Amino acid sequence: MDGVKLCIVGAGNLASKRIYPYIAAAGGKLVGVCDLDEEKAKLKAFLYGGSAYTDALEMVSREKPDCIIICIGPEQHYALSKEMMRLGIPVYTEKPPAPAAAGALELARLSNETGVLCTTAFKKRYNTVYSRAKQWLSGFDSSRYVSLSVDYCSDFYKNTTPRNEFLLDFAIHLIDVTAYLYGDAKEVFCFSKGMDAYAASIKFANGAVGSLNFNDARSFTVPTEEVEISVEGSNFMTIRNSSFWRITENGKPAEWREPSTFVSNGDSGNDTGHFAEIADFFAAVREGRTTRSNIYESYKSMVLYEAIKRSAETGQLISVQYEKVGGVVDEPANA
């Protein structure tokens with residue numbers, strides 16, 4: 001099978017480590033690379049294929065790709081996604097899809113109106129451990145979900161722009177996982193220490209509760225990612241660092257996974273989710289379907305992010321409200 005013809009906007013550090021190396025194995029064929037730094041674009045084109053550009057619209061006009069990956073910054077993700085969807089080109093952006101939920105909603109509506117897929121690289125929806133958690137939870141009615149607790153921390157963030165805001169750049173990953181695993185939130189209350197630490201409580205629409213601890217006072221080298229999931233009937237799952245899990249069912253040990261080394265910050269494309277999400281995007285383009293991280297799902301995660309932030313800033317309990325997209329509340333009707 002011929003690879004999906006792909007253009008990429010962005011040749012920076014993240015794309016160099018987590019996108020370009022997976023393209024061929026994931027089913028793609030790189031035909032164009034765009035970056036404002038022409039030398040960076042030329043290097044990636046030399047290493048991985050295609051032609052180099054400094055203008056994205058010129059690139060897609062010449063190369064006529066089946067899809068495009070945009071890996072630059074939240075503002076550019078939003079602006080370029082609009083242009084590409086209007087041209088009929090399926091879009092994959094790095095997270096977050098926009099600086100604010102309103103922008104993500106606009107993209108979701110445009111995706112619905114045009115029938116063009118727009119997906120966001122919320123990698124943890126695709127990694128091995130959270131895929132297993134979602135599968136395990138699907139064996140229970142959501143009314144039986146009891147609680148979800150998260151401890152997810154990083155090293156220091158400057159917190160001066162959307163690109164280096166701790167809550168939006170780092171914590172958003174587990175905010176998205178919270179939405180992925182437990183569904184829509186109903187209410188949020190959060191304490192914070194400036195923009196460096198957040199302690200949030202969530203009431204979900206299904207009746208479950210959640211507690212989220214985020215801070216940037218720890219380390220990138222030694223990761224902190226602890227998740228506890230509890231379901232009625234002595235059923236619970238412990239997750240650590242996107243690689244370890246332990247499942248207990250009816251009060252008895254049922255499943256255990258403990259890799260011999262840290263893989264959550266390593267090069268495993270499935271344990272990190274980077275390879276799996278790219279492969280699913282290419283498959284969705286070929287098959288004309290949506291993805292588990294489509295733009296409407298990303299919009300809902302951005303709504304939860306903003307509820308946490310607004311509660312921290314105001315000291316108020318926030319009622320979480322989601323706008324509909326074309327009458328659909330779970331996903332846009334993507335091509």
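A: One begins with pairing: two strands pair if DSSP finds at least two bridges between them. The model considered here is predicted. With that criterion, 6 strands form an open sheet in the order 3-2-1-4-5-6, and their pairing is parallel. The edges of this sheet are strand 3 (51-53) and strand 6 (118-121), each of which pairs on one side only. From one strand to the next, the twist averages 25°.

Q: In which sense do strand 1 and strand 2 pair, and over how many bridges?

A: In general, strands of a sheet pair through backbone hydrogen bonds, either parallel or antiparallel. Here strand 1 (residues 4-9) and strand 2 (residues 28-34) pair in the parallel sense, with 6 bridges between them. Within strand 2, Lys 29 is the bridge partner of Lys 5.

Q: What is the strand order of the open sheet of 9 strands, and what is its pairing?

A: The order is 14-13-12-11-7-10-9-8-15, and the pairing is mixed. Strand 14 (252-257) and strand 15 (318-319) are the edge strands, each pairing on one side only. Strand 15 runs antiparallel to strand 8 (residues 185-193), to which 2 bridges join it. Ser 319 in strand 15 is the bridge partner of Glu 187.

Q: Which strands do helix 8 and helix 11 lie across?

A: Helix 8 (residues 166-182) lies across strands 7, 9, 10 and 11, running at about 160° to strand 7 (145-153). Helix 11 (residues 295-314) lies across strands 8, 9, 10 and 15, and runs at about 50° to strand 8.

Q: Where does helix 8 bend, and how many of its residues are buried?

A: Helix 8 bends by about 60° at Ile 172. The span of this helix from first C-alpha to last is 23 Å for 17 residues, close to the 24 Å expected at 1.5 Å a residue. Helix 8 is mostly covered, with 16 of its 17 residues buried. Just after the helix, Gly 183 takes a positive phi of about 85°.

Q: How is the packing of helix 5 and helix 6 to be described?

A: Two packed helices are described by the angle between their axes and the distance between the axes. Helix 5 (residues 74-86) and helix 6 (residues 101-114) pack at about 10°, with axes 10 Å apart. Angles under 35 degrees count as roughly parallel, and helix 5 and helix 6 are therefore roughly parallel to each other. Among the residues that meet are Tyr 78, Lys 82 and Met 85 in helix 5, and Leu 107, Leu 110 and Thr 114 in helix 6.

Technical notes. Residues are numbered from 1 along each chain as its sequence is written. This is a predicted model: local features need pLDDT of at least 70, side-chain atom pairs count only at pLDDT 80 or more; totals for chains, interfaces and linings use all residues. Side-chain values use heavy atoms; hydrogens and water are left out. Helices (H or I, at least four residues) and strands (E, at least two) are DSSP runs, numbered from the N terminus. Contact means heavy atoms within 4.5 Å. Axes are lines fitted to C-alpha atoms, for helices over the stretch in contact, and angles run from 0 to 180 degrees between N-to-C directions. The expected span of a helix is 1.5 Å times one less than its number of residues. The bend at a residue is the angle between axes fitted to the seven residues ending there and the seven starting there. Buried means under 20% relative accessible area, exposed over 50%, partly exposed in between (1.4 Å probe, protein chains only). Angles under 35 degrees count as roughly parallel, over 145 as roughly antiparallel, 65 to 115 as roughly perpendicular and the rest as oblique.
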